[in-house]
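Let's take a walk through a protein model together. Have a look at the picture first, and then we'll go through it piece by piece.

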Amino acid sequence: MPHSRFGTQPPDAESAPSAGLEPERADAPAATESVPAASPNSPPLDALSRAQGGDHQAFAELYAQHKRRIYSLCLRMVGNIAEAEDLTQEAFLQLHRKIGTFRGDSAFSTWLHRLVINVVLMHLRKKGLSLISLDEAMEPTQDEGPGRSFGSADLTLAGTIDRLALERAVGDLPAGYRLIFVLHDIEGYEHNEIASMLDCSIGNSKSQLHKARLKLRDTLRAFPRQEARR
Amino acid sequence: MTEHLKNLTCADFQSQLPELIGSGEDIADHPHLQNCELCRALLADLETIAEAARQLFPVMEPPDELWEHIESAIKEENAGSERV
C-alpha cells in the first residue's frame, strides 16, 4: 500500500517512541523492580544500572548522555528558553525519583522521552492550557487562524523551505498547534499516541495538526514578503 | 463514486483533508486533485512542511549551570527525605 510523504519518520532511533507506546507509564509510579547489584565477579554495571542503585556519579553520566536531547525536546515543545531550562531540571528531578521504577520493557531513551513529555504536558496544564478540548482551547481567532486555500495559487512553497524561517514559524505557532506539530511531525508520534497523551480524540489530533500545517504555510508564504520589507 | 469525488468543491475536499492525510494513504491520485491545481499546490506545500519538519531543530546544549541546579535540588530532596 503506498503511503504519502506525510509519514512520520523520527529524526533518529534514540528519540523514536515505539508505535502504540504505552508499556510503562513514565508519569505514574510503577512497581519498583529489583535493581541488579554488582558482585565482585560481575562485569562493571552501566551508568543506568548504577544510577538505579543510587550512584550519584552514574546519574551525572546519564545527565551528560541525555541532556541535549531532553533540553531540545523541552525547547521545541514550549518555545521558550527559560521555561525549557526549568522543565529540563524538573524532568531530571523526576527521573531521579523514578529511575528505580524503570523495568527495561522499552528502551531507556524511549521511557525517558515519554517522562519528559509528561512533565511538559503537566506544566502546560498548570499554565491553563486545556488539552482536553484542544479545538476550544486553542482555536485562534478568525484573524490569526490558518486560511484555506480557495484563492490564487501563487506563492506556493515550491518544494523548498528556509530552515530558519520554518523554525521561526513553528516558534510563533499558538501553543496547542505547536504541541501537536512537534509531537507528530518532529518527534514522530502517531495520532493515536498523541490522542492518548493529550486526552483528546484522534480526529481532534489530526484536525489540529492540519491547522498547524496550514498556519505554517500561511506564515512561510508571507515570509519572503516580510524579509523584503526589512 | 469517483465521479462524486471528482465533483467535490475545493471547500469540501479541504474539509476532508485532515482525515485523508491522517489516514497515511497516498492521496495524490484523489480524483479531485486531477483537475484542481489549487488543491494540488496546497497538498504539495503541506507535504513539504511535514518533510522539512523532520530535519528541523538542531540538538541544543543546555547551559552549564543547569546541572549544578539539578544537583543542589537533588541534595535538597535527599536531605528532606532523611529528615522525615
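How many residues does the contact take from chain A and from chain B? Chain A puts in 42 residues and chain B puts in 40. Keep in mind as you look that this is a predicted model.

Let's stay on chain A's side of that contact. Helices α2 (56–78), α3 (81–98), α6 (163–171), α7 (175–186) and α9 (202–229) of chain A each supply at least two residues to the side that touches chain B. The top contributor there is α2(A), with eight residues. Sort that side of chain A by class and you get 15 nonpolar, 14 polar and 13 charged residues.

Now zoom out to chain A as a whole. Its secondary structure is nine helices and zero strands, so the pattern along the sequence is simply α-α-α-α-α-α-α-α-α. Of the 230 residues in chain A, 36% are buried. And if you take the contacts in chain A with a separation of 6 or more, 71% of them link residues 24 or more positions apart.

Next, pick out one helix: α4 of chain A, residues 108–126. Its 19 residues reach 27 Å from the first C-alpha to the last, close to the 27 Å expected at 1.5 Å a residue. Several of its residues are buried, among them W111(A), H113(A), R114(A) and L124(A). What covers the buried residues of α4(A)? The cover includes α2, α3, α7 and α8 (191–198) of chain A. Following α4(A) comes G128(A), with a positive phi near 95°.

How values were computed. Residues numbered from 1 in each chain as written. Chains lettered and ligands numbered in written order. Predicted model: local features only at pLDDT ≥ 70, side-chain atom pairs only at ≥ 80, totals over all residues. Helix = DSSP H or I, 4+ residues; strand = E, 2+ residues; numbered from the N terminus. Buried ≥ 20, exposed ≤ 12 C-beta atoms within 10 Å, placed from the backbone. Contact = placed C-beta atoms within 7 Å. Nonpolar A, V, L, I, M, F, W, Y, C, P; charged D, E, K, R; others polar. Expected span 1.5 Å × (residues − 1).
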